[in-house]
Amino acid sequence: MTMTPVSSPVIDSGSPIRVLIAEDEAHLGTILEQFMTARGFYVRIVRDGRSALEQLQQEAFDVALLDVVMPELDGLEVLRLVRERPLPPEIIVITGNGTIETAMAALKLGAYDCLSKPYRMAEIDALVRRAWEKRMLVREHRYAQELRHRDVPTPLVTQFAPLRAVLDMVGKFTESPLPVLVSGATGTGKRTIARHLHGGRASAAFVEVDCANYDDDQQVIQIFGDPTSLEPTLGALELASRGTLLLRHVETLGPRAQAGLLAALDAGKFHLTADKRRVPTDARIVATTSRDLGALASAGRFDEVLLHRLGALRVALPTLRDRRIDIPMLAEHILERSAGTRGCTIDTDALLALDAYAWPGNVRELELVLERAAFHAEHGIIPARSLGLAASAMELPAASSGGAVPPAATVEAPSLSELERRHIAEVLERCGWHQGRAAEQLGISPKTLYRKIREYGFKRPSGRNS
């Protein structure tokens, strides 16, 4: 069973509004620069059109104020050249004569507005902020489009029966509007599951916020937005309207963010102070965590009611250690699909080393290990020594005779059947020789497991019942 996720940019409130002023009248330019700096803008000033064009090519600006009449290049020519760039700044053209022809030419070339001299400073201030708001909407729309359609090849492949059951359950959850809480250790595929859950809303945005990157106040801004700041932004909950909002590391949500999210889920809408709009909460919430949220709630560090709301549907992912049966297939799949590893094969001693390793980073770590080893592979074959796995993290199972198996680096390359034998022995031991549970973990039928036990000559330890 294979599922493929989409990764996406993270919504960020950014830095102060960045403004370029291109004004050849030195006195007027200086006054404008000082005024806008005092109002909290990031300001650069140039005195001619060519310098304006060079500055816009070297540095990202949100808004540019371009005088029409300037040395080297006039403002309209700079506007024409700048608008050809992807996601250009909003341009406000300033003219000394204020003719209709100049204004029409500027607007036709894509200017946000055209302003005539003399002007009031407050007028410039308001116009720049409105231009910035438009650029934010364009940027956020582009982000939303990117979040819908970007795809990266990180499939979740398994023949492990418990995980197959989880994936079947996820398929049933896809069309539900209820929030889903996905738990699992780092690298187990929580984002992959979230992206698959978005499948029923694929025509809308998939928006991701990593809560661990922000403090409580910033989390509130990221999720709900802030229309009152110098840089008004839409929150991820609104950007994900009718789509999916992925809240990664949800356990790091602070008290304000928790309270706001719970209120929004309960009311089905939210609004911010000084914002008259009521924004519907119609995004599907998927929260992921590697922590025990129940324990955090008991300790008073996570709102218990919010936990129940976010966990209306729940998905728990196993570690790679628990699904070692998948390692050969995962390794083969990674080597086949990754551009950096395509064409490489893995020899048997390396496969044994992969099976023996503890995998604290789970599937994500497996990918990195194989990509690194493939880079150093000779003749396209990956041996155990090129994996770079720490011997201290090896977890080789005991052989059926009870003797310890030495680390992979000191073992002659075993056969695949020997690798299978050791894996089955480990699972049987871990399950206390309960053959039903062992068969389930191995992803095979009890009848097949019984046949394997006879084939490999395993003897049940005394006092163990099936």
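Student: Does P360 count as buried or exposed, and why?

Tutor: P360 counts as exposed, because its relative accessibility is 53%. (Buried is under 20% relative accessible area, exposed over 50%, partly exposed in between, with a 1.4 Å probe and protein chains only.) A word on the source: this is a predicted model, where local features need pLDDT of at least 70, side-chain atom pairs count only at pLDDT 80 or more, and totals for chains, interfaces and linings use all residues. Residues are numbered from 1 along each chain as its sequence is written, and side-chain values use heavy atoms, with hydrogens and water left out.

Now the location. P360 sits in the loop between α14 (348-356) and α15 (362-376). Helices here are DSSP runs of H or I, at least four residues, numbered from the N terminus. Leaving out residues up to four places away in sequence, P360 touches T186, R321 and E365. Contact means heavy atoms within 4.5 Å. T186 is 174 residues from P360 along the chain, yet their C-alpha atoms are separated by 8.0 Å.

Next, the aromatic rings. The structure holds two aromatic pairs. Rings of Phe, Tyr and Trp (its six-membered ring) pair if their centres lie within 6.5 Å; planes under 30 degrees apart are stacked, over 60 edge-to-face, the rest tilted. Y357 and W359 have ring centres 4.6 Å apart and planes at 85°, so this pair is edge-to-face. Both Y357 and W359 are buried. The pair of Y456 and F458 is tilted, with 5.9 Å between centres and 50° between planes. Y456 and F458 are buried as well.

Notes:
Helices (H or I, at least four residues) and strands (E, at least two) are DSSP runs, numbered from the N terminus.
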